[in-house]
Amino acid sequence: MSKKTEIEAKILDVAYKLFVKQGYKNTTMDDIAQELGMSKKTLYKYFPGKLELLAAAFELLKNRLTTKVETLLENQYIPFTAKLKSFLTVVANDLAPINPELLEDLREHAPEIWGELQDYVRDSAYLRFQKLIQEGIDKGFVISGMNKTLIVLVYASAIQNLIDPKFLAQFPREMHENMNLKTSKLFDQAIQIIYQGILTDEAREEFQKA
């Protein structure tokens, strides 16, 4: 890695963490330069502005996530159940820092980048997930007759809506207060509900007989 590339990587890492912590609107180039311990003039030598920094930071995130997911899916030596759990964990770990406040900020102040992120998740992550579900169907790990697209859509709808402020605003305030979860925990519990259910083994048997 060249010195220039190393510095750019450090800038992107710091900028991304500040965007997550403070939001895009409230993060300035001064903030980023100060956190890096460099002058703003030096920062501008590497990136012409805050929007370009944001775009580059998300491009790095998308590339990193793609590499992890593709490597996982192509590994023929990992059992399907372990692969499914690892896939969901990788996606959750990389996307969890993108909290509802940052998403709303992006939608309002960086709509083009917001759209690109949505396109990536829709066209890349979900199609790869559908491929994994098909593997589970082929190997007999997913219940016969289950629609692979519906399985992915249920997961996608839950994850997207649970971190979408406009969706959450439809519900009473007391429900918001009762769901005081960090985004990472929210992902974990949503996955558990979708793929393991909310009922105990005993309750599941009674429910099937009802």
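A: The expected span of a helix is 1.5 Å times one less than its number of residues. In this predicted model, helix α5 has 16 residues. From its first C-alpha to its last, α5 reaches 22 Å, close to the 22 Å expected at 1.5 Å a residue. The helix covers residues 80-95.

Next, the buried side. The buried residues of α5 are F80, K83, L84, F87, L88, V90, V91, A92, D94 and L95. An α-helix has 3.6 residues a turn, so residues three or four places apart point the same way. The buried residues of α5 pack against several helices: α1 (3-22), α4 (50-74), α7 (111-138), α8 and α11 (183-196).

K83 counts as buried because its relative accessibility is 2%, and the cut-off for buried is under 20%. The side chain of K83 reaches the backbone oxygen of N75 at 2.8 Å. Leaving aside neighbours within four places in sequence, K83 is in contact with L72, L73, N75, I78, L132 and E135.

Now one of the packing partners, α8. Helix α8 spans residues 148-162 and includes L153. L153 counts as partly exposed because its relative accessibility is 48%. Together with L150 and V154, L153 forms a nonpolar patch on the surface. The accessible area of these three residues together is about 270 Å².

How values were computed. Residues numbered from 1 in each chain as written. Predicted model: local features only at pLDDT ≥ 70, side-chain atom pairs only at ≥ 80, totals over all residues. Heavy atoms only, no water. Patch = residues over 30% accessible without salt bridge, like charges linked within 9 Å, V, L, I, M, F, W, Y side chains within 5 Å. Areas by Shrake-Rupley, 256 points an atom, 1.4 Å probe, with all protein chains shown as cover. Salt bridge = Lys/Arg side-chain N within 4 Å of Asp/Glu carboxyl O. Helix = DSSP H or I, 4+ residues; strand = E, 2+ residues; numbered from the N terminus. Buried < 20%, exposed > 50% of the residue type's maximum accessible area, 1.4 Å probe, protein only. Polar contact = N/O pair within 3.5 Å; in protein donor to acceptor, adjacent residues only side chain to side chain. Contact = heavy atoms within 4.5 Å.
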